Amino acid sequence: MTLIEGLFGLYYQHMAKTIYVSDVPKREFMFMTFDRTVRRHISFRNLEDLRRYLITDPPLHAYYSVSLYTNPTAPMDEKGMIRAELLFDIDSTDFNDEVCEKDSLWRCKECGNSGKGVRPRRCPKCGSDRLEVNHWLNERCIELAKVEVRRLVDILSSELDVDIRKIAISYTGNRGFHVRVTEGPLTTLGRNERREICFFIMGRDFDPFSLIQITGDGMAVLPSPVGGVLSRTIKFMLTNLDNMKLPKSLKPKLKAFLGEGKPIRLNSRERKLVIDKFKEAASKTGVRIDWMVTMDTGRLTRIPNSLHGKTGFRALSLTFDECLLFNPFTDAIGLPPEPEVPVRITLEVPKFHLKEESFGPFKPGEEIRLPGYAGIFLVLRDRAQLLGS
Amino acid sequence: MQDSNILAIAPFSRKAAEILEEQGVTIEDLALDPLFERARLMAKERLLNAIIGKHDWIIDRANPMNEVYSFVAAKLIAASVGRSVLSRLAVYESKRFSKLSEDLPLDRLKEIATETFDLSIEGGEVLWIDIPGFLRASCHIGGVKWRLVNRIVRKGKVMIDKTELRRLLAEYVRIGVMETPKIELPDPLKRTAEEISLLYKARMRRRTKKPKKGDFPPCIRTLIDRLRRGENLTHQARFTLATFLLKVGWNEEQVLDLFRNLPDFNEKITSYQISHIAKKKYMPPNCDTMRSWGLCPEECGRKYMLEGL
């Protein structure tokens, strides 16, 4: 057993009681072992058996199915889905934010060219799109993801009427959060219905013309009472009207249209402009979620409070208020400081903070001793190698 | 509106099912009892109309229960023949309800919605339907106005009007028929099933060549698979398939043959539409449009449908 595996095991020995998954016998479990083997279609009779498994055979990654099945160990098409949690994945990797990505490293698999920051679409040297990225995570990534969690929970509870007690939030252990609707009518929906829910939440493919009518008096929003993406969009546009790139003459007209529902007359150029602004605003007021994840009812997702194999952080379950104050770099450290580990840096490491202690920056080739959680964090992120102690 | 008429218009309703149960009518009765001779004939008529795409919206007002018996018999026969025929019947029944319910008062529609399909409908002039109830039907209906993102939504309810409620119910009728279980049929009904199966195959035999899916994008592959299973496709889905296949070199006859699987296939209309698309050289929709139509099954990495073809 390697040092890291031993420390993961130690974590589960002490923290197994915090591992909780509802309806254990009806779920499929999947584990990735430390030699990168994937074990699928596993089921447990009860929560105790699951906890015991984690202690005796600590995995690098631990997942469970969002679906409940009549036969969880059967092949995929014979499992017999009963219902599935509605899972939303908020991952700052999807945001392409410059500050969040400032220490991420990309490398072209074709020509070996490399760089730092947001991954370019194509290699600037050879034009290939085969780029690999070693992401870094910092406070900014987490803050951005939190904003999305807050907006998502707001839409779920106020527009989709999901009981707030049935919304579970957890840190992924890496660069984002998982938000789950655990019970209620939405958990009985199929793939296509889930995609519709996602696009609604994202404001994606919003077509203002389906709610705006051309009347004798001009263009008018129909009908009141209003709710949904259109009302979100109108609110956003009203607040941001002054900063919008629109002809000056158009702004007062638009204000009356948006604020008081007055019909407006627009020429075709103006109309196109306004419609484009509507679409832009709709996606800005939407939440940045990965819709492919939500749509997939056969999805396996990280077990809350298990350890993430790319950070050693705990995938902590959080209440809404805890989530707002949450800082993974102090609150989610899952591994102990002892023993100190000797590592050799393989890729540039920026300055980072864990448990209010700061480390780095380190250059490739440097050999250092770090507290267990910090050294292993770098090893799991593929930026350092463990040296034989 | 008399209660008996509603049974004829909505033979799928819970009320109809309750009456059947009260009367203790079994599948053997439907198959063998001379009392149900007329119902058996009507069942066959339903199936024939469904297969040849004939719209016959006359109802048996004298004995509306015959509509119920024949509806049940027809769907059991269709299920035993196979999914393609069942799909045709499902579309036929859906359109039939849509047409016959035009004059139904709102209260009656709401009754069907809540009692038969367990939907929650509130309001009068403006109606509010529960989101899951809306989505289960709307995601099979084409057009941007059926996308949830383009609806007024408040506190877990979607705003609809009476016409939209009727359209949703019609979709529920289609889904309901599709869920008919396949059971062993007693002899006379089995024979009808065989006849229907032969007739259906004879109509399908006119297909010339099996289309090749090759390296088509997943959206097109999905549509072709759905079509092969005899599922109904929206107008947008049909347009997409036709424009795409013509662009990759299929001729009009090959496209027409593929469309023969449609549950409401009408040779005259389809061949006119395909020729029109070919003549105008319409391009297949772009990926954003496909997403907004709900026809994009996965992110495949292509920037447009014809990429690499």
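A residue is counted here as buried if 20 or more other C-beta atoms, placed from the backbone, lie within 10 Å of its own. By that criterion, 39% of the 389 residues of chain A are buried. The model is a predicted one, in which local features need pLDDT of at least 70 and side-chain atom pairs count only at pLDDT 80 or more, while totals for chains, interfaces and linings use all residues. Residues are numbered from 1 along each chain as its sequence is written, and chains are lettered from A and ligands numbered from 1 in the order in which they are written.

The C-alpha atoms of chain A fill a box of roughly 80 × 50 × 40 Å along the principal axes.

Turning to chain B, an automatic or database domain assignment gives domain 1 (3-102 + 173-201), domain 2 (103-167) and domain 3 (218-292). The C-alpha centres of domains 1 and 3 of chain B are 29 Å apart. Between these two domains of chain B, eight residues of domain 1 are in contact with nine of domain 3, contact meaning that C-beta atoms placed from the backbone lie within 7 Å. On the domain 1 side, helix α6 (residues 83-100) of chain B gives the most, with six residues; helices are DSSP runs of H or I with at least four residues, numbered from the N terminus.

Helices α7 (residues 106-117) and α9 (residues 162-178) of chain B also meet: their axes, lines fitted to C-alpha atoms over the stretch in contact, come within 11 Å and cross at roughly 35 degrees, the angle running from 0 to 180 degrees between N-to-C directions. Contributors to this contact include B:Leu109 and B:Phe117 of α7(B), and B:Leu165 and B:Tyr172 of α9(B).

Notes: Helix = DSSP H or I, 4+ residues; strand = E, 2+ residues; numbered from the N terminus. Buried ≥ 20, exposed ≤ 12 C-beta atoms within 10 Å, placed from the backbone.
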